Amino acid sequence: MTKRPQLLILVFCFILAASCDRKRNDKGYEYFPDMAHSLAYETYQPNPNTVSGTTMILPAPNTVPLEMVPYQYSALPEDRDMAAAQLVNPFELTEEGLIRGRDQYKIFCAHCHGETGNGEGYLFTSGKYKARPASLLSEKMMSTNEADIFHVITVGYQLMGPHGHMIKPDDRWMISMYVKKELQKQ
Amino acid sequence: MNLKAKFYRNISMPRFIIVLITALTLFPLLTFSQEGKQLFEKHCTVCHTLGQGKLVGPDLAGVTERRERSWLNSFIRNSQEVIQSGDPIAVQLYQEYNKSIMPSFTQLSENEINGIIDYIGQWEPVVVEVLDVDVNKRTGFKHEEYLRGERLFYGLIPLQAGGSFNCSGCHNTVTSDSLNWNPSAIDLANSFIDTSGMNIYQSLMQPVSAKMEAAHQGMKFSEEEIHYYAAYLSHIGGSELKEHKIFPVKLMLFLGFGFLMAIAIIDLLFTRRIKYKIVHIAILLIGISVHSGLAYVEARDLSRTEGYAPDQPIKFSHKIHAGDNKTDCRYCHHTVDFSKVANIPSANVCMNCHNVVRTGTNSGNFEINKIYRAVNSGTPIEWVRVHNLPDHAYFNHAQHVNAGKVECNTCHGKVEEMHILRQEKDLSMGWCVNCHRDTEVNILGNKYYSRFQGLIKTDANGEVLPVTVEDIGGTDCMRCHY
């Protein structure tokens, strides 16, 4: 009879110790996870209440999110000409704007178009990305305006995918400004 | 000099002439097609394929039969000119491909363009053997076929063409402790049972990527055997990998010291084999400290997930993308600057590069094909989130990265060296608070903090004393809990 509590303790110790050696796929145990898990569905969670089964769903067609200005030009070449002619850069040239443009250029553009804009970014020179990215210092690009660059960043061109959903409109203008006023001046 | 002399001495004159003549006649032929192939791969493969469907532009297989040579020639040289001249075929193509412009190739010579056209004309699809089995059979195999397939998969039965290969050696059936670049057996099976997935007959007879070709060298499968493999894959599709077992070091320590302590107590009280009591006391002291240490570590690690490195649905490597390719973290996680969360990139962000990069460095085509399947079918990729904070703690990426200028590495460790993303820091409250106590705020250099300029004090020597995050309220409870 006296052995039984010891046996129980041993079993308890066994269970306690078995939890320690964690595999990398294992999150381990939780202790009273009060308020640790959101009751509401979080953005990336699956959701049984929606048709698609995801919490993040597309808004109803023709919805315009707050603060968003709909972009009316498509990726067709005539739209590119139209955008270049009609869009106007709302920002004045400031040093801060150029610095912001440079930082954003380094994040989103430099790995293909190169730090200096010559089209020899690291992805291309290292041989990972086989297609030659466009040079921003070519004659064609020298003769275009900021709105044209803004348009191409937004909807993409040929192999370049649209980056409008990744870069905010203000930053897109800053990048265009940086390309025009800084890279092409050198 | 010496070499030349040797060369002439070794080759007698008539033979030399024959060699020379054959070389001269063959040389242009060889270089012609070879050059055409190289030029094609250099200039065309980015937008066109031969026999693999349309990419940006049309599939060029058989184009030399569809169009006249002169038309092709002028279209390659300057496609815009041909379109503007009102050529009906060119205009129709232009409309069909969403008015995307094919770049002009005026820098190529007449010969080079002819070489490319010759190469396209000579290209022939790799002959796929006509099989008398149902290639599209994905379900409904007999149990015996599955059993035979399983044995073949584990290499228990030799192949008809000789040799036995243990597929499970590379294609795991059990989760592994480190990254295995080959697709796991379950991955293969899921790809196999997906109707838009792989054709197992084709991929086993003609490997789809150089990686796969190298790995499958010397393996010859008969139709019958592939049929059995298919049966096995069909059976295990949709299941999950078996759990990988690890040696329980901590458990062994715990039990070992428990055992030692028990013997020490028994010897101390009853048997008394060892004379010196100091030995018993030492064993008991060490044992108790090990046990309490283990208990402390385990209690502390409850609800914490340090070292968590889950398998992801695609074997995505941060080392290759952020380390080797030097892509900025913020290119993919672009909302980190202005949002509470750093977004998990959507599949179209992948496609910005992977519309061109179709073969992975380590995994061949298999893992990248998963992106295409997700994009084509519109199903989201179910990435596993690694860094999780409890819901009662508020954390904002924009505040730390954009306002506070904290580097990603500070909290996430050296992500650019991780093939499998691993949670480096424990994300505990003590860790947060310690960082808030130690981190100095850059009041003078960072505009965001300009309103705290009144907090700046100087010491006797006139040097500015540091202001930490704690000084500006970074350790108030309601900063994170509200």
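Predicted model: local features only at pLDDT ≥ 70, side-chain atom pairs only at ≥ 80, totals over all residues.
## Chain B as a whole

Chain B contains 22 helices and 0 strands. Of its 482 residues, 17% count as buried. When contacts between residues at least 6 apart in sequence are considered, 67% of those in chain B join residues at least 24 apart.

## Where chain B touches chain A

In the interface, 48 residues of chain B are in contact with 39 residues of chain A. On the chain B side, the elements that give two or more residues are α13 (249-271), α14 (277-301), α16 (329-332) and α17 (347-354). This side of chain B divides into 22 nonpolar, 15 polar and 11 charged residues.

## The pair α13 and α14

Two packed helices are described by the angle between their axes and the distance between the axes. For α13(B) and α14(B), the axes come within 9 Å and cross at roughly 150 degrees. Angles over 145 degrees count as roughly antiparallel, so α13(B) is roughly antiparallel to α14(B). Their crossing is left-handed.

Among the residues that make this contact are Phe254(B), Phe257(B) and Leu260(B) of α13(B), together with Ile283(B), Leu284(B) and Val290(B) of α14(B). Charged residues also take part, including Lys250(B) and Asp267(B) of α13(B) and Lys277(B) of α14(B). Overall, the residues of the contact divide into 11 nonpolar, 3 polar and 3 charged.

## Nonpolar cores

The largest nonpolar core has 28 residues, and those with the most contacts inside this core are Phe108(A), Ile175(A) and Tyr178(A). The elements that give two or more residues to the core are α3 (95-108), α4 (110-113), α7 (146-155) and α8 (169-183) of chain A, together with α16 of chain B. The most is given by α8(A), with 7 residues.

Leaving aside neighbours within four places in sequence, Phe108(A) is in contact with His163(A), Met166(A), Ile167(A) and Tyr331(B). A second, separate core of 19 residues includes Phe153(B), Ile186(B), Phe221(B) and Ala230(B).

## A histidine in a loop

His334(B) is found in the loop between α16 and α17 of chain B. A residue is buried if 20 or more other C-beta atoms lie within 10 Å of its own; His334(B) has 23 within that distance and is therefore buried.

Apart from neighbours within four places in sequence, His334(B) is in contact with Met166(A) and Asn343(B). Met166(A) is also one of the residues in contact with Phe108(A). By contrast, His334(B) and Asp391(B), which are 57 residues apart in sequence, lie 23 Å apart in space, C-alpha to C-alpha.

Terms used:
Residues numbered from 1 in each chain as written. Chains lettered and ligands numbered in written order. Contact = placed C-beta atoms within 7 Å. Helix = DSSP H or I, 4+ residues; strand = E, 2+ residues; numbered from the N terminus. Buried ≥ 20, exposed ≤ 12 C-beta atoms within 10 Å, placed from the backbone. Core = buried A, V, L, I, M, F, W, Y, C linked by C-beta atoms within 7 Å. Axes fitted to C-alpha atoms, helices over the stretch in contact; angles between N-to-C directions. Parallel < 35°, antiparallel > 145°, perpendicular 65-115°, else oblique. Left-handed = near helix turned anticlockwise from the far one by under 90°.
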